[in-house]
Amino acid sequence: MSYLRRAGTALGAAVLTVLTVPADAQAAAVACGGGVSTGRVAVNGCISAQRGSLGRFPTRDVTAYIKARNTGRKGLNVSYEAFFRVVDGGHWEKVGSGRAYVRAGESVGPVEVGSTTRVCGPVKVEVRVHARADGAAWSGWSPASTKQCQT
């Protein structure tokens, strides 16, 4: 009987936790680009663009993410970097970097790598992400893009 009571208490606490976590009504959708690999790790670059404003000027908070999947039998440390540019000929700017441990056969992400805020324009915004697993070379680039001020 005490087992059922403990299980009921744990279940009730879990339900209350779920009910009290606020949902972010303005959360932006994350779109991921094609995959690349480094060693036994497959990598995808991802992007989101959330509305904002700077005074009376509309902006987008552009965020770069990475997804990584370890296809090997050992866990690995994975280093990653993300870059940003406006597609109309702009230069690449680093928006962030990081490191994650990815267990064997598991995935992480999308994990935020970095973000930038830009005043809206009629052009696409692009991010690219690459990664390096322990002992491997840097992967190729995994791109993702979004139209900056689409609704």
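These are my notebook entries on a predicted model of one protein chain.

**Entry 1: overall make-up**

I began with the secondary structure. The protein chain has one helix and eight strands. I followed the order along the sequence and wrote it down as α-β-β-β-β-β-β-β-β. I then looked up burial: the protein chain has 151 residues, and 32% of them count as buried. For contacts with a separation of 6 or more, I noted that 61% are between residues 24 or more positions apart.

**Entry 2: the sheet with S1**

I looked up how the strands pair. As background, strands of a sheet pair through backbone hydrogen bonds, either parallel or antiparallel. I found an open sheet of four strands, ordered S1-S2-S3-S6, with antiparallel pairing. Its edge strands are S1 (31-38) and S6, each of which pairs on one side only. From one strand to the next, the twist averages 20°.

Strand S2, residues 41-54, and S3 run antiparallel and share 14 bridges.

I found another open sheet of four strands, in the order S5-S4-S7-S8, and its pairing is antiparallel. Strand S5 (93-102) and strand S8 (142-147) are the edge strands, each pairing on one side only. Ignoring direction, I noted that neighbouring strands of this sheet are turned by 20° against each other on average.

I checked two pairs here. S4 and S5 pair in the antiparallel sense over nine bridges. Tyr80 stands opposite Gly98 in S5. Strand S7, residues 124-133, and S8 are also antiparallel, with six bridges. Lys124 stands opposite Lys147 in S8.

**Entry 3: the two faces of S8**

I stayed with S8 and asked which residues make up its covered face and which its uncovered one. In a regular strand the side chains alternate between the two faces of the sheet. In S8, I listed Ser142, Ala144 and Thr146 on the covered face. On the uncovered face of S8 I listed Pro143, Ser145 and Lys147. Lys147 is the residue I had already noted opposite Lys124.

**Entry 4: a serine in a loop**

I moved to the loop between S7 and S8, where Ser139 lies. Is Ser139 buried or exposed? Ser139 counts as buried because its relative accessibility is 7%, and the cut-off for buried is under 20%. I then looked up its contacts, leaving aside neighbours within four places in sequence. Ser139 is in contact with Val36, Ser37, Thr38, His130 and Ala131. Val36, Ser37 and Thr38 fall in strand S1 (31-38), while His130 and Ala131 fall in strand S7 (residues 124-133).

**Entry 5: the cavity**

Rolling a probe the size of a water molecule over the atoms shows where empty space is left. The search of the whole structure finds one cavity of 30 Å³ or more. About 30 Å³ of space lies in the largest cavity.

Which residues line the largest cavity? I listed Ile66, Ala68, Val78, Tyr80, Ala100, Val108 and Val111. Tyr80 is the residue I had noted opposite Gly98. At least two lining residues come from each of strand S3 (57-70), strand S4 (76-86) and strand S6 (107-119). S3 and S6 belong to the sheet ordered S1-S2-S3-S6, and S4 to the sheet ordered S5-S4-S7-S8.

Technical notes
Residues are numbered from 1 along each chain as its sequence is written. This is a predicted model: local features need pLDDT of at least 70, side-chain atom pairs count only at pLDDT 80 or more; totals for chains, interfaces and linings use all residues. Side-chain values use heavy atoms; hydrogens and water are left out. On a 1 Å grid over the protein atoms alone, a cavity is a set of points where a 1.4 Å probe fits but cannot get out, and a pocket is an open set with protein on both sides within 12 Å along at least five of seven lines; lining residues have an atom within 4 Å of a point. Grid points are joined across faces, edges and corners, and a volume is the space filled by probe spheres set on the points. Two strands pair if DSSP finds at least two bridges between them. Axes are lines fitted to C-alpha atoms, for helices over the stretch in contact, and angles run from 0 to 180 degrees between N-to-C directions. Buried means under 20% relative accessible area, exposed over 50%, partly exposed in between (1.4 Å probe, protein chains only). Contact means heavy atoms within 4.5 Å.
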